[in-house]
Amino acid sequence: MSNASLRVRGLSRSFGGLRAANDVSFDVVRGTITALIGPNGAGKTTLFNLITNLFSADTGEIEFEGRRIDKMQPGRIADLGLIRTFQTARVFPGMTVLENVMVGRSRISKCGLLQQALWSSDCRRAERDLTQRADALLALTGLTRFRDTHAVELPMGAQKMLEILRALMAQPKLLLLDEPAAGLNDTETSELASLMFAIRASDITVLIVEHNMGLVMGVADRVVVLETGAVIATGTPAEIQTNDRVIKAYLG
């Protein structure tokens, strides 16, 4: 598919006798939200780890924006614009909410160590620009009131949102979200859905692993269903909801 941001072909990985990914193939179309769903143990997070090369695949190929990435180091993959979050919110203790968001700037900062040490005019200007961008993201998600709060003091829902904002500061082309709605209440889940629509409207492609089917069916353009490490169905949310195999394996 020529408009695919991400292409996964024949991806497999075993851990001992367990086949966690079994000949997985799918595309993530540029400018869309694709959801990856399946029961616990289906291999969803393992697939994220393979895509970002935290685990190396036994077989298969991964292309991101037309470039093979399955042999690249995770840091190089991130440099290309493929950014991920994790199931458990990770905030930096001893830092404010704003500072936690600003950490995401490190991938795109153009100030060298010497320039930073001397606090050059270019670095001061870049700092102002990045602070404005961080403040805009906080405003978008209603977290401005926590701007100067220590991040560890935030409720879990706000910490999850904070991690997404930090990923957005890295200016991703493709954003991988690993169960972002876990632990969120209904209001926070609704805010997450609005944020995801805003992300897509900003021409950022999204691949999301999620168990909240209300969220998935409300935001996803395409859905990929995994069972025991293998893809058993792909389609629109409407097609997935009426797929007998998916209903039997998961939705039912």
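View 1. The structure shown is a predicted model, in which local features need pLDDT of at least 70 and side-chain atom pairs count only at pLDDT 80 or more, while totals for chains, interfaces and linings use all residues. Residues are numbered from 1 along each chain as its sequence is written, and side-chain values use heavy atoms, with hydrogens and water left out. Strand 1 and strand 2 run antiparallel and are joined by eight bridges. Helices (H or I, at least four residues) and strands (E, at least two) are DSSP runs, numbered from the N terminus. Two strands pair if DSSP finds at least two bridges between them. The two strands form a hairpin with two residues between them, and G16 in this hairpin has a positive phi near 65°.

**View 2. An open sheet is built from four strands in the order 2-1-4-5.** The pairing in this sheet is antiparallel. Its edge strands are strand 2 (18-29) and strand 5 (67-68), each of which pairs on one side only. Helix 1 packs on the sheet and touches strand 1, strand 2 and strand 4. The direction of helix 1 makes about 110° with that of strand 1; axes are lines fitted to C-alpha atoms, for helices over the stretch in contact, and angles run from 0 to 180 degrees between N-to-C directions. Five bridges connect strand 1 (residues 4-15) with strand 4 (residues 59-64) in the antiparallel sense. V8 has I62 in strand 4 as its bridge partner. In a regular strand, side chains alternate between the two faces of the sheet.

**View 3. N49 sits in helix 1 (residues 44-51).** N49 counts as buried because its relative accessibility is 9%; buried means under 20% relative accessible area, exposed over 50%, and partly exposed in between (1.4 Å probe, protein chains only). Leaving aside neighbours within four places in sequence, N49 is in contact with L54, F55 and R84, where contact means heavy atoms within 4.5 Å. The side chains of N49 and R84 also make a polar contact at 2.6 Å. A polar contact is a pair of N or O atoms within 3.5 Å; within protein, one must be able to donate a hydrogen and the other to accept it, and residues adjacent in sequence count only if both atoms are side-chain atoms.

**View 4. Strand 9 pairs with strand 3 and with strand 10.** Strand 3 (residues 33-37) and strand 9 (residues 222-227) run parallel and are joined by four bridges. In this pair, T34 stands opposite R222 in strand 9. Strand 9 and strand 10 (residues 230-235) run antiparallel, with five bridges joining them. Here V224 stands opposite T234 in strand 10. Strand 9 and strand 10 form a hairpin with two residues between them, and T228 in the turn has a positive phi of about 45°.

**View 5. The largest nonpolar core has 51 residues.** A nonpolar core is a set of buried Ala, Val, Leu, Ile, Met, Phe, Trp, Tyr and Cys residues joined through side-chain atoms within 4.5 Å. The members that touch the most other members are I37, L168 and L175. Helix 6 gives the most to this core, with eight residues. A second, separate core of 26 residues includes V8, L47, F48 and I77. Not counting residues up to four places away in sequence, the residues that I37 touches include K44, E210, M213 and Y250.

**View 6. T32 lies in the loop between strand 2 and strand 3.** T32 counts as buried because its relative accessibility is 14%. A polar atom of the T32 side chain lies 2.6 Å from the backbone oxygen of V29. Beyond its neighbours within four places in sequence, T32 is in contact with R200, T205, V206 and D221.

**View 7. T141 is found in the loop between helix 5 (121-140) and helix 6 (156-169).** With 13% relative accessibility, T141 counts as buried. The T141 side chain has a polar atom 3.2 Å from the backbone oxygen of L137. Residues up to four places away in sequence aside, T141 touches M161, L165 and L195. T141 and M161 are 20 residues apart in sequence and 7.7 Å apart in space, C-alpha to C-alpha.
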